[in-house]
Amino acid sequence: MLLFGFTAAAGEAAILFFSPGAALPALGLSALFFAALAVSRMLRIRRLKNLSLDLDRLLHGDYSVRFNNYEEGENAILANELTKVTDTLKKQAEQLRMEKKYLADSIADISHQIRTPLTALDLNLATLLSGDGAEQGRRERLKQARQLTRRMEWLIEALLKLSKLDAGTIEFAREYVSLREIAEKAAQPLMIPLELRGQTMDLSGIAGDAGFTGDAAWSIEAVGNVLKNCMEHTGEGGRITVAGEENAIFTELVIADNGEGITPEDLPHLFERFYRGRNAGGQSVGIGLALTRAILAAQNGTIQAENREGGAIFRLRIYKGIL
């Protein structure tokens with residue numbers, strides 16, 4: 001603006017020196033142009049001020065700010081970029097809100113799951129300390145107390161595993177493992193409970209040459225949780241069958257039981273953590289199947305559940321390529 005004033009003054013002096021008659025019209029044109037430039041500069045400053053105010057509102061959490069009023073010039077380019085930033089910040093704020101809600105719900109669920117066995121354990125210990133009851137009753141309460149501590153120990157370990165999986169801090173091994181070996185090792189800890197229930201488990205349906213590239217230890221954990229779930233939802237004398245095969249796309253393990261099946265209301269939520277179905281047992285905390293899904297997902301795998309005639313069926317798949 002100042003440079004334009006000096007330039008105009010120099011031009012007027014030159015016109016006055018060389019052509020005095022043209023000095024007045026030239027002065028008028030210069031004044032008109034100077035006024036137009038001043039108005040343009042004033043409008044630009046006003047737009048920048050408004051843009052600054054909108055940006056300040058955005059920085060203070062007002063994501064309703066839109067930059068659609070800047071339609072021309074450099075301000076429009078800047079406003080377009082700020083609109084993109086606004087949309088990104090809005091999405092991040094919504095995601096953060098959802099994560100906070102999820103964290104609060106998870107903490108509440110964890111507190112509830114731990115409080116229940118702690119309350120029962122406290123009652124048992126109080127009875128034992130009082131010295132009331134026969135020796136047999138004391139032994140029974142000690143047995144219950146031991147079961148409750150084991151339940152809390154399992155819950156805490158499962159929650160730690162889930163948190164590590166969510167944080168992505170676990171490095172999974174990448175080695176070829178036998179599907180039959182995974183199923184046999186996962187079933188081993190359940191053999192005594194199966195015998196006590198009069199149940200049978202048939203692993204003969206697994207192809208001998210079937211396998212996949214993944215982490216054996218974590219895969220055993222995933223399969224074991226599904227087998228345990230089937231065992232708990234299959235009645236006395238029930239039967240669990242396990243079949244598996246490998247093809248060019250994926251390796252699949254199919255676990256089926258002849259139990260009570262899954263209620264339609266539970267199917268959409270079956271793999272949500274802390275979800276307990278309508279037919280869940282008293283010891284269920286809703287962690288096992290959620291942990292299985294997380295383990296499989298970390299190895300490019302999936303799990304699906306459905307009902308069949310006379311029971312439930314789970315399909316565990318590890319894909320060879322990226323989904």
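**A helix pair in its setting**

Modeller: Buried residues, meaning those under 20% relative accessible area with a 1.4 Å probe and protein chains only, make up 32% of the 323 residues in the protein chain. This is a predicted model, in which local features need pLDDT of at least 70 and side-chain atom pairs count only at pLDDT 80 or more, while totals for chains, interfaces and linings use all residues. Residues are numbered from 1 along each chain as its sequence is written, and side-chain values use heavy atoms, with hydrogens and water left out.

The chain has eight helices and seven strands, taken as DSSP runs (H or I, at least four residues, for helices; E, at least two, for strands) numbered from the N terminus. Helix α7 (residues 216-232) packs with helix α8 (residues 288-298) at an angle of about 145 degrees, their axes lying 9 Å apart; axes are lines fitted to C-alpha atoms over the stretch in contact, and angles run from 0 to 180 degrees between N-to-C directions. In this contact (heavy atoms within 4.5 Å), W218, S219, E221, A222, N225, V226 and N229 of α7 meet G288, L289, L291, T292 and I295 of α8.

Of its 33 residues, M201, L227, V242, I255, F314 and L316 touch the most other members. Another core, of 14 residues, lies apart from it and includes A222.

Note on methods: Buried < 20%, exposed > 50% of the residue type's maximum accessible area, 1.4 Å probe, protein only. Core = buried A, V, L, I, M, F, W, Y, C linked by side-chain atoms within 4.5 Å.
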